[in-house]
Amino acid sequence: MAEVLVYVDHVDGAVRKPTLELLTLARRIGEPVAVALGSGAENTAAALAEHGAVKVLTHDAAEYADYLVVPKVDALQAAYEAVSPAAVLVPSSAEGKEIAARLAVRIGSGIITDATDLEAGDEGPVATQSAFAASFTTKSRVAKGTPVITVKPNSAAVEAAPAAGAVEALAVAFSDKATGTKVTARTPRESTGRPELTEAAIVVSGGRGVNGAENFSIIENLADSLGAAVGASRAAVDAGWYPHTNQVGQTGKSVSPQLYIASGISGAIQHRAGMQTSKTIVAINKDAEAPIFDLVDYGVVGDLFDVVPQLTEEIKTRKG
Amino acid sequence: MSLRIVVTVKYVPDATGDRHFADDLTVDRDDVDGLLSELDEYAVEQALQIAEDADDAEITVLTVGPEDAKDALRKALSMGADKAIHVEDDDLHGTDAIGTSLVLAKAIEKAGFDLVVSGMASTDGTAGIVPALLAERLGVPQVTLLSEVSVEDGVVKGRRDGDSASEQLEASLPAVVSVTDQSGEARYPSFKGIMVAKKKPVQSWDLSDLDIEADEVGLGGSWTKVDSATERPARTAGTIVKDEGEGGKQLAEFLAGQKFI
Ligand SMILES: Cc1cc2nc3c(=O)[nH]c(=O)nc-3n(C[C@H](O)[C@H](O)[C@H](O)COP(=O)(O)OP(=O)(O)OC[C@H]3O[C@@H](n4cnc5c(N)ncnc54)[C@H](O)[C@@H]3O)c2cc1C
Ligand SMILES: Cc1cc2nc3c(=O)[nH]c(=O)nc-3n(C[C@H](O)[C@H](O)[C@H](O)COP(=O)(O)OP(=O)(O)OC[C@H]3O[C@@H](n4cnc5c(N)ncnc54)[C@H](O)[C@@H]3O)c2cc1C
């Protein structure tokens, strides 16, 4: 069976969920061969094997942490040349897309970004994308070269499918461009203990209606009662009430959870672009005319300062 | 020595309009007004600030797009860019990201550059890959997705706020930079800026000017193929209740019914 390269997104060996989802999709079109780079790369093998990787190609070098993107492109290209895969799948993070794009030019291939689903087709893998703030769904494929496809988080269920997952060292010779962009300092983001926004099953978001940084605790309390991630509109982020990393929308994160709860958010097109594919959408807004109500499965017209705390209390009571 | 800055700007259908696809599955540009992609305004703004800090700099704005794309160039010129290049050719219709980056890279090389500044993503395709593709093709460092950028003594520095960390980056010119909408509000064109822009030079190049064959671009030469585009079915009207004291409890009841609690 044809091999499919899967680029592994991991933090010191802990594989992030979107990569496990990619392994599920990869198995629809071939045998997954994973590529894990950087510190802790070898520690990814067990999780990858459990989810279907027949092989895990690993390599660590200081370059991956010290320079931007290009060392990883060099390594993925080395893996591509070693394996001659039928397709290359990469998680659709900002960095993942850049790595995939540069690889595509190097190997003379087309690229599809932000796929939300993937199937085998007569003329190669067929990718589903959502366009124009998720108001259209398209099916596309790569017409030239080896398909390079980046896939959004939450695009497939994670399935266990134990495979050999034999670790092999990948031989990488860095190009002379690898050290072009130096990372001179790095400040890791502090963990909030809440689920990762793009991976969460439930997202609770607040907007301009929350009216102040101090009031975001209302949103956080609701999130915590549901084990949810916290999101924010750009208006709330621009006002400095919540960090930009939590922004949902076109220029923030795009989320596709089972449940999305928007409080004090009007539902501008750029916000909808990031949450419209959520399975169930709930909104709380005091303006009955707010466009967000066009999207909802359930909406409450009311003051969030009344509704949200009552909801949180009720959830806590029901959960006992 | 003058710092030559090229800003890539895309002409896109207005996101607040009723965007859809044409019969050949390319973006329908006739039914919805076009404009300079809002995220490229941030690129123009940062280029202007870099130029203001330099002893001597010249900003060229560059677009690949149909006739109307000149509007995007005019807007950028009225913000303060010095001159513009419009790559326009009927054979470009339907070009994908790999093809667009080929055309942009050839045009940038022909124009001459020390620094390329792009937006973080277009507001229609939203791929966010063209800047990295340009760096790859031009063989220069990429310093992308910056929320802060500066250039001094031939070195570009910036801050990239990623998912797991915030990074300080540094590269020697020539380089490709892309900036996010966190980099600082874009200025509005002044009346004077708009008047002056009308007199600024706009050059037009076609594929032959860039030594690109027609079959390397356009729908036919595309590296990707769109097979279908379907409108998402409108969501069935949801339940909407007015809070009369029990709104939170009613919502909890709904969530419990959906097994979220
Ligand atoms: C290029 C570009 C990119 C953008 N990217 C993004 C993006 O990624 N994400 C994003 O979110 N936006 C983005 N925007 C901004 C977007 O256009 C909107 O301005 C923004 O989403 C508005 O945020 P909001 O809904 O919180 O605020 P508003 O539109 O001001 O809405 C606030 C809502 O809160 C309600 N409200 C007020 N008080 C209460 C109360 N006490 N109880 C209940 N409801 C109340 C109001 O009725 C109103 O509907 C972008 C814009 C541009 C031009
Ligand atoms: C809904 C949709 C989905 C698409 N999916 C794909 C896909 O999966 N694969 C693919 O190959 N193509 C795809 N395309 C086509 C692609 O959008 C165009 O080829 C496009 O010009 C380049 O990609 P982008 O618009 O996503 O740009 P991005 O990579 O998001 O743009 C980043 C920056 O590049 C610069 N830039 C981009 N285009 C131009 C231009 N024409 N002129 C000047 N500067 C520019 C701007 O500075 C911009 O801010 C898609 C188009 C649409 C509308």
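Where is the place of Pro174(B) in chain B?

Guide: Pro174(B) sits in the loop between E9 and strand E10 (175-179) of chain B. Helices (H or I, at least four residues) and strands (E, at least two) are DSSP runs, numbered from the N terminus. This is a predicted model, in which local features need pLDDT of at least 70 and side-chain atom pairs count only at pLDDT 80 or more, while totals for chains, interfaces and linings use all residues. Residues are numbered from 1 along each chain as its sequence is written, chains are lettered from A and ligands numbered from 1 in the order in which they are written, and side-chain values use heavy atoms, leaving out hydrogens and water.

From Leu173(B) to Pro174(B) the peptide bond is cis, with omega near -5 degrees.

Now step back to E9. Strand E9 (residues 165-172) of chain B pairs with strand E12 (residues 182-188) of chain A. The sense is antiparallel, over six bridges. Two strands pair if DSSP finds at least two bridges between them. Within this pairing, Glu167(B) is the bridge partner of Arg186(A).

That brings us to the wider interface. Chain A puts 85 residues into the contact and chain B puts in 80 residues; contact means heavy atoms within 4.5 Å. Together the chains bury about 7,000 Å², 56% of it on carbon and sulfur atoms. Buried area is the accessible area (1.4 Å probe) that two parts lose on being put together, summed over both.

Charges meet here too. Between chain A and chain B there are 10 salt bridges. The term means a side-chain nitrogen of Lys or Arg within 4 Å of a carboxyl oxygen of Asp or Glu. One such bridge joins the side chains of Asp297(A) and Arg235(B), at 3.0 Å, N to O. On the side of chain A that touches chain B, helix H5 (residues 94-106) of chain A gives the most, with nine residues.

Finally, turn to ligand 2. Residues from chains A and B surround ligand 2, so the site is shared between chains. Of the 31 residues around ligand 2, those that come nearest include Thr8(B), Lys10(B) and Ser122(B). A residue is near if one of its heavy atoms lies within 4 Å. A polar side-chain atom of Ser122(B) is 2.7 Å from an oxygen atom of ligand 2. From chain A, a backbone N or O atom of Thr113(A) lies 3.3 Å from an oxygen atom of ligand 2.

Definitions and conventions. A polar contact is a pair of N or O atoms within 3.5 Å; within protein, one must be able to donate a hydrogen and the other to accept it, and residues adjacent in sequence count only if both atoms are side-chain atoms.
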